[in-house]
Structures are given as C-alpha cells and as structure tokens.
Amino acid sequence: MNDIRPIYQNDFGIAFQWKKDKPSQSNKVQVIFRDIGLLLTQSELRHFSKCIADTVENGKGNLCGDCKTKEACRSLLLNTPAHQITFTVSYQEAIEVRDLINGTLFKLELDSYFGEL
C-alpha cells in the first residue's frame, strides 16, 4: 500500500493513483473491482459514470419479477470507456460500481477545488 495514493474505496472495490507513475500517466486512476482493473483518466471516469447510470436505469425494469436471484444475477451489460469492452454485472454490482466511480470523481474534484484555493 506504500506504492499507491488511495482516492476512494467501498466494499466492492478501490480507486487509487500509483505514486511511481510517469508524468504522462500521473493523471490516470487505477480502479479495481471484482477481478477487473481499469486505468482511466478523469474524462474516462466521467464517461464510465454515464455508462453505469444508463445500466442502472435500464436494469431496474429488466429484473425478472419472480426470480429469487434477480439481485445477484449478472444479466446486465455495463459498457466502459473502451467501446470494445463490456462487463456483465448484477444490479447490485452496478450500484456498487456506481458508488465507486462517483465517489472517486467527487474526491478528485474536491481535491482539485481545494488545490486551486
């Protein structure tokens, strides 16, 4: 943990920046959830946040009403900033990823705001 600067984490994942990044990569954030790692810019994080919001909104109505595992079923497709990569997630996982990404964006924007003061 000495090699990273944590930004935000929840029970589902963590977002951080590597301390030893090259200057060209210093604006990227490593996001890890489940067994997935993504290295994203702040712009890509915002795009991912919109993809997650779409998945959550569309996923609400697509849950099988009488299914006992509807909350855990990985039946939703989650697009990413890399248009060729899509994940399958459960509705609950989509909620957790949304919290992780939105919490990371909030913390980055807050740090940027206080850095400007």
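Buried residues here have under 20% relative accessible area, exposed ones over 50%, and partly exposed ones fall in between (1.4 Å probe, protein chains only). The model is predicted, so to speak of local features a pLDDT of at least 70 is needed, side-chain atom pairs count only at pLDDT 80 or more, and totals for chains, interfaces and linings use all residues. Residues are numbered from 1 along each chain as its sequence is written, and side-chain values use heavy atoms, with hydrogens and water left out.

**View 1. Aspartate 11 in the loop between S1 and S2.** Aspartate 11 counts as exposed because its relative accessibility is 85%. Its C-alpha lies 9.1 Å from that of leucine 100, although 89 residues separate aspartate 11 and leucine 100 in sequence.

**View 2. The stacked pair of phenylalanine 12 and phenylalanine 33.** Searching the whole structure gives three aromatic pairs (rings of Phe, Tyr and Trp, the last by its six-membered ring, with centres within 6.5 Å; planes under 30 degrees apart are stacked, over 60 edge-to-face, the rest tilted). In this one, the centres are 5.9 Å apart and the planes 25 degrees. Phenylalanine 12 sits in the loop between strand S1 (4-9) and strand S2 (13-18), and phenylalanine 33, 21 residues away, in strand S3 (residues 29-33). Strands are DSSP runs (E, at least two residues), numbered from the N terminus. Both phenylalanines are buried.

**View 3. The edge-to-face pair of phenylalanine 33 and phenylalanine 87.** Here the centres are 5.9 Å apart, with 85 degrees between the planes. Phenylalanine 87 belongs to strand S6 (residues 86-89), 54 residues from phenylalanine 33 in S3, and both residues are buried.

Note on methods
Helix = DSSP H or I, 4+ residues; strand = E, 2+ residues; numbered from the N terminus.
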